[in-house]
Amino acid sequence: MSTSGSMAAQLMRKQSFLGAAREQTWLISTAFTVFVLAAWEGLAMAGVLPEYIYGPVEIAAAFVALARSGDLAAQTGPSLYRALSGFFIGSAIGVMLGLLAGVSRVFRDLFDLTQSFTHPIPKIALFPAIAVLLGFTDKSRILVIAISAFYPSYLNAMNGALGINARLLWVARNVGASKLRSFFQVVVPAAMPRALVGVRISLMISFVLMVATEVVGHSNGLGAGLMQAYRDGEYGAMYAGIVAVALCGVVANAVLQLVARGLGVGRHSGGASHG
Amino acid sequence: AGANADACAAVDLSAAPAKPVPIRYGTTGGGEEPLALLWADKAAYPNNGKFYSLEVTEFTSTDRMTAFQAGQIDAGTISFPALVTAVHVGIDARAVAALIQVNKEDNEGAFAALDSSNIRDIKDFKGKKVGYYGPNTISEYWVKSALRRAGMKPNDVSFVSLPPPAQEQALRNGQIDVAWLARQFLFKATSTGGVQTIMTPFEATGGQNQPSLLIFFSPKFIQANPQAYCAWRKDYQQALSNWSANREAAYPKLIAAKYVTPFSAKAGADGGRSEGGVIPLAELDATMKDMAAARFMPPAMVQPAAKLVMPGYSLVK
Amino acid sequence: MLQVKHVTKTFRRGKHIVNALAAVDLTVSKGEFLTILGPSGCGKTTLLHMLGGFEFPTTGSVEIEGKPIAGPGRDRGMVFQEAMLFPWRTARANVAWPLEVAGTPWRQAHARADELLAMVGLERFGNAYPGELSGGMRQRAALARTLAMEPSVLLMDEPFGALDAQTREVMQEELTRLWQTSGLTVVFITHDINEAIFLGDRVVVMGASPGRVVEDCVIELERPRSSETKADPRILAYRSHLWEVLRRESAKSAPAMAGAGQ
Amino acid sequence: MLQVKHVTKTFRRGKHIVNALAAVDLTVSKGEFLTILGPSGCGKTTLLHMLGGFEFPTTGSVEIEGKPIAGPGRDRGMVFQEAMLFPWRTARANVAWPLEVAGTPWRQAHARADELLAMVGLERFGNAYPGELSGGMRQRAALARTLAMEPSVLLMDEPFGALDAQTREVMQEELTRLWQTSGLTVVFITHDINEAIFLGDRVVVMGASPGRVVEDCVIELERPRSSETKADPRILAYRSHLWEVLRRESAKSAPAMAGAGQ
Amino acid sequence: MARMKAPSYALTRAPQGTLPTDRQSRIRGAQDRAAHGRVLSALLLSGPVLKALGLAAVLGAWQLYATLNGTRLTPGLEVIGASFMQMLEDGELLEHAASTLTRGFAGLAISFLVAGLLGFIAARSWVVDAALGPFVTFGYPVPKLALYPVIILLLGLGAGSRIAQVALECFFPIFVHCYAGARAVAPKMEWLARNTGAGRWRLLKDVIMPSALPFVFTGLRVAVPIMLIVMTVTEFIGDSQGLGYLIARSASYFDTASAFAVVATLGAIGFVSDRIVVKLRSRVVFWEKGASL
Ligand SMILES: Nc1ncnc2c1ncn2[C@@H]1O[C@H](COP(=O)(O)OP(=O)(O)OP(=O)(O)O)[C@@H](O)[C@H]1O
Ligand SMILES: Nc1ncnc2c1ncn2[C@@H]1O[C@H](COP(=O)(O)OP(=O)(O)OP(=O)(O)O)[C@@H](O)[C@H]1O
Ligand SMILES: [Mg+2]
Ligand SMILES: [Mg+2]
């Protein structure tokens, strides 16, 4: 997986003057990564770091140990299920409503105050209230994750739609396209590059909330596992858990990028107006 | 039959129902070894799966009462201050048995400071940062009680809320001056060295025996399922005596059930258990009085201990 | 029939207002080919947008067949001054879009799009994205897209502005042929006086400061017009007349331009 | 001196490649006014972008004063086919920008911008944002912005395409005056043959499929040229000659268009 | 100045409120279509009414839920309001809110400086992009909250660790937005800037920044709530300050109403911050006006 290249491709069309060859990019990425890891390991081996901060090698070993024990496989399933379900529900609704709000003042106004008031409320603080409704179950966790994943997608999709060149919509109206069709065939593609920035943030938030919700109530999963390890002072297992969560996030993100590229985002510059 | 008569004596435990009654139980995850034996060593407690089946869920402290109020658990573990507060605000939960008892032999944990610090007793706490488990937890009460006894005020120290495992590190890093270390953490800290015990809860409260952790049930549940409850209670008392008799034999089973880690098993004997799980009401009353005096608890919350327990079905003395 | 009745249009710019159009009256008969000339910034585009139903008059009314224009409609195809192609669609898909909207099956729509692209000389660029087309190509693709709508009124804002003389002539002939066979009504903005005369049944000249109609000139050249028509002496007469009007208009606005304070 | 030496340019479009330019050779002397004509899509813009240093030849080289062009430079002012004004700046601030970049004090830069805006007839629109300008106004503002750079080479891509005949004449005269007083080198793309002849020392005609130079014609009309020059019979001769070349080129490319596969 | 036949085309001061806006004209156009019955719906669809309706719907749903559910866990609005007033009178609420806000915004500011800068640099320099790439790809899905124990161990339990946690958690959202924004420049516009000989700084200030601003503001809108959320969660432990502590304390007394009152306070704080950001955005990014279907 190419890192910077895909990072760029996903977000926006690339238009650098100093376009670098793929190999060069790869070389720099690898070199810098290796350098940082080596420095970290060096510090760890030199004993400069406190005891509870592990070096990369130690963490890798702990990760392998956790994977061997079978705990990892058992924890990953439920965690991914929660994070991804919440993410899909939250970001899909967020993107849809956001685009609607972007092109319809009625929707925008309707959600406006509500959005700014409910967004900063720590959703995890609402968990007890939700748990009363749905129990200390996966349903509650997924709901909390979905609510949290909603906002970044919503905001970015809305702003993406707001940035559309109005004349493109004029074209659609002229052609006699129904609002539904204009929405899906003009607003959606034009706003997609920006909306995807939000979807990326939503994915990140989903994983944060996955860990946070697994700490509340009784739960299994990676978050619960790493918190348990932390409580027991087993830092190795804790770091292994963190690595596992990170890997899940990375893979999910990579899939998201592939899907985005499959949808053709990044081949054109979107419909944002520039004069 | 009166409040003092044991209602379980009248419950027939000879014939089991067709299906065991599920008891949804919320644990905290620390210091509940005798209780954990009920599922860790299931073979020894045949009533589990016959009269009742224990469905255990682990919660953080406030979540547990949320789940209880939402009707998602029937019973659970509760600290003494939480029980008082819960009953005071009208939550329908009543204590039925004691789980951890603060007494002379108790080694559930202690307040500790670094050897290198000059903190040696409660008088040295003035202006210091003291680690505790959070507001309205029993660790807060112990400090405040000791402060009162030393003629000091509650705000002579600043409290720092920390999860149990973080306390030792915070102490060693100088982020707090005094840590509350639960048994396995105290064991770990003292075996590493450089840390010394300042006072145990028993000392902090001026030698007062008191249950610090209790088991509560929903009275409605007990009334609806007396047989399941009494069968459970019998098992629990059995487990307590087994635990007291031979902890070394119990540990491997608890480890296998993942209730404790091999390391915390090494922390060894606890001793802080009340005989037969019985709740001494007089101790509760005395402790509540001390809580109010230490300005840990508003006087309005002080209530007769008998109100905190389930009449008839509780193990009380 | 299109009717512009006493239309004014004011834009608000912060605290200031811009009078883009002042009391414009104009009637376009069914099947007529009307061309509009006028100095830069005199409000031609604004007027066309109103006919399209995209903007609305500040006072006065714009009507089609006696009914006020309430919004855009498929009956009035618009070619914008900027091409406004969808950057995420290929040229072919852009042209096919109006057909898809109308419910034409995908295959058929794309086949028709290819025909239209061929008509504007872009048969080899069906697969290109707008970002890969030259300025003139984009303009032609936009024209093809509007033709795909098969509107009864064609509103064109300098559609041939970025075309070379030769391509322009071909396109002019295509447009004339189309207009003659289909009974289209066309409103066509251009800066090329010859084009205006050659194409139009009537040429309207607008003046600036503020925008209004200053000349309405019927072109009495026979149809069909061919390249021989271009040599017709009457064309020269029309030309110099319109040129005179335009010069007067620009001259009128020029000193005003220099003098008017903010 | 600008030199285009055997330049080819291929664009990649997915799996296909587009030969935009094939073996173009061209020299522009210092102080020369060169105009370029050519059918739509023949690669004029591409060539101009290379002279500006924005795109680079696939093979061959583009040189200025004997040195290969490595990137854009302030010495070569570019007027793009689309106006490309900054939507977040007023017309005045857009024009003043190159001056600010050069370190001119703000007040001075804005005063100069006002002069330039007056020169292109936009003195009253200094405070307008690009979204509030008409197409022709935007083009003029973009021209003023490039002039503010005081480049020694002016690269212009159909700069007067959206202007009416009258304004166009004024602008042509302004440009000629500027060129004559300052010793500028100008490369000017247009679709208007008259404009090309009237303005240019030399007219280059490009052909399509693939883009290359097909005619290089020196215009031997005396300077200064005025409106009387337009009546000069030699102009007619040049006109019909260039027209012939263009027609031939378009005709040549038309069947090629139809025939060439993807 | 005032010439004899001053053309009305000239820019004149608009008499306040005499000029119908575009939208009003549009509404008028609509009214022409269906002559009456539109006044009520026009009023209902007016901005302030709609905005209030949206919020009222959410609060109403809560009240309904509270009334139907009737447990202590979901107190009604009147109970929450009473708790809120009580805490406000005690002065407790303001004191803890001040603590949360100063620390939170400090963290946000640090994050904005660092992430914004790095985002812009990475977007514009392929070397930095390549170097940071793996760290962004791997770093951003990591729940930074899981690292809080480590941060406490490093920075202690007071303000430092909280500021660091906020900075860390807000880093990636801000980075991603700034990165995307810095790449959203129209290519020709950049060509133009380079043509004028604009240096790096110029290019950044006058071309990239304005193009990126819409993204940066969205980043800010996403980051402020994240900041508040992180502050709350981290204040559950550590020194006894902040709104998070207040929530934890209320919860430990099973005082749900007070906990929700604090949560509502957080909402209000976030709301005000968000309004400020929105106002700023419409001021700064004035050229993006939005389009209607
Ligand atoms: N959205 C707007 N806000 C403010 N003023 C505007 C707006 N749109 C147009 N104008 C002004 O209205 C006037 C007419 O503009 P319009 O685009 O109709 O001119 P035009 O005749 O099409 O010119 P051109 O030939 O240059 O395209 C201009 O002065 C312009 O500045
Ligand atoms: N980015 C690109 N990708 C692929 N093909 C391109 C790209 N840019 C230009 N082309 C192709 O190169 C050819 C020349 O384009 P160019 O814009 O130079 O034409 P032009 O002579 O300026 O035409 P016009 O007069 O219509 O502006 C066209 O066939 C066009 O499709
Ligand atoms: Mg126009
Ligand atoms: Mg071109």
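Analyst: Happy to. Let's begin with a term: a residue is called exposed when its relative accessible area is over 50%, and buried when that value is under 20%. Please keep in mind that this is a predicted model.

User: Let me try the term out. Is C:Glu150 buried or exposed?

Analyst: C:Glu150 has a relative accessible area of 56%, so it counts as exposed. As for its place in the chain, C:Glu150 sits in the loop between H4 and strand E7 (153–157) of chain C. Its backbone deserves a look too: phi of C:Glu150 is near 50°, a positive value in a residue other than glycine.

User: What is the phi of C:Met84, and is C:Met84 buried or exposed?

Analyst: C:Met84 is not a glycine, yet its phi is positive, at about 55°. C:Met84 also belongs to a loop, the one between strand E6 (76–79) and helix H2 (91–101) of chain C. With a relative accessible area of 13%, C:Met84 is buried because the cut-off for that word is under 20%.

User: How should I read a residue inside a helix? Where is D:Asn94 found?

Analyst: Look at the element, then the accessibility, then the contacts. D:Asn94 is part of helix H2 (residues 91–101) of chain D. Its relative accessibility is 1%, so D:Asn94 counts as buried.

User: Which residues is D:Asn94 in contact with, leaving aside neighbours within four places in sequence?

Analyst: With those neighbours set aside, D:Asn94 has contacts with D:Leu85, D:Phe86, D:Arg89, D:Pro130 and D:Arg145.

User: Now the ligands. Residues from which chains surround ligand 1?

Analyst: For a ligand, begin with the residues around it and ask which chains they come from. Ligand 1 is surrounded by residues from chains C, D and E, so its site is shared between chains. There are 21 residues around ligand 1, of which C:Thr45, C:Thr46, D:Glu132, D:Ser134 and D:Gly136 come nearest.

User: How many residues of the shell around ligand 1 are nonpolar, polar and charged?

Analyst: That shell divides into seven nonpolar, eleven polar and three charged residues.

User: Let me go through the steps again for ligand 2. Residues from which chains surround ligand 2?

Analyst: Here the surrounding residues come from chains C and D, so this site is shared between chains. Of the 20 residues around ligand 2, those that come nearest are C:Glu132, C:Ser134, C:Gly136, D:Thr45 and D:Thr46. Helix H4 (135–148) of chain C and helix H1 (44–52) of chain D each supply at least two residues of its shell. By class, the shell has six nonpolar, eleven polar and three charged residues.

User: And the polar atoms around ligand 2?

Analyst: The side chain of D:Thr45 places an N or O atom 2.5 Å from an oxygen atom of ligand 2. A polar backbone atom of D:Cys42 is 3.2 Å from an oxygen atom of the ligand, and D:His191 has a polar side-chain atom 3.3 Å from an oxygen atom of ligand 2. The protein covers 90% of the 640 Å² of accessible area that ligand 2 has on its own.

User: Last, the whole assembly. Of the eight pairs of chains in contact, which share the most contacts?

Analyst: Chains A and E share the most contacts among those eight pairs. By contrast, no contact joins chain B and chain C, and their closest C-alpha atoms lie 50 Å apart. No contact joins chain B and chain D either, with closest C-alpha atoms 51 Å apart.

User: What does UniProt place at residues 2–233 of chain C?

Analyst: The UniProt record, an unreviewed entry, gives "domain: ABC transporter" for that range. Over residues 2–233, chain C is 32% helix and 28% strand. For chain E, UniProt lists "domain: ABC transmembrane type-1" at residues 97–281, also from an unreviewed entry, and that stretch is 84% helix and 1% strand.

How values were computed. Residues are numbered from 1 along each chain as its sequence is written. Chains are lettered from A and ligands numbered from 1 in the order in which they are written. This is a predicted model: local features need pLDDT of at least 70, side-chain atom pairs count only at pLDDT 80 or more; totals for chains, interfaces and linings use all residues. Side-chain values use heavy atoms; hydrogens and water are left out. Helices (H or I, at least four residues) and strands (E, at least two) are DSSP runs, numbered from the N terminus. Buried means under 20% relative accessible area, exposed over 50%, partly exposed in between (1.4 Å probe, protein chains only). Contact means heavy atoms within 4.5 Å. A residue is near a molecule or strand if one of its heavy atoms lies within 4 Å of it. A polar contact is a pair of N or O atoms within 3.5 Å; within protein, one must be able to donate a hydrogen and the other to accept it, and residues adjacent in sequence count only if both atoms are side-chain atoms. Accessible areas come from the Shrake-Rupley method with a 1.4 Å probe; for residues, only the protein chains shown count as cover. Ala, Val, Leu, Ile, Met, Phe, Trp, Tyr, Cys and Pro count as nonpolar, Asp, Glu, Lys and Arg as charged, and the others, Gly among them, as polar. UniProt positions are given in the numbering used here, feature names are shortened, and annotations may be inferred rather than shown by experiment.
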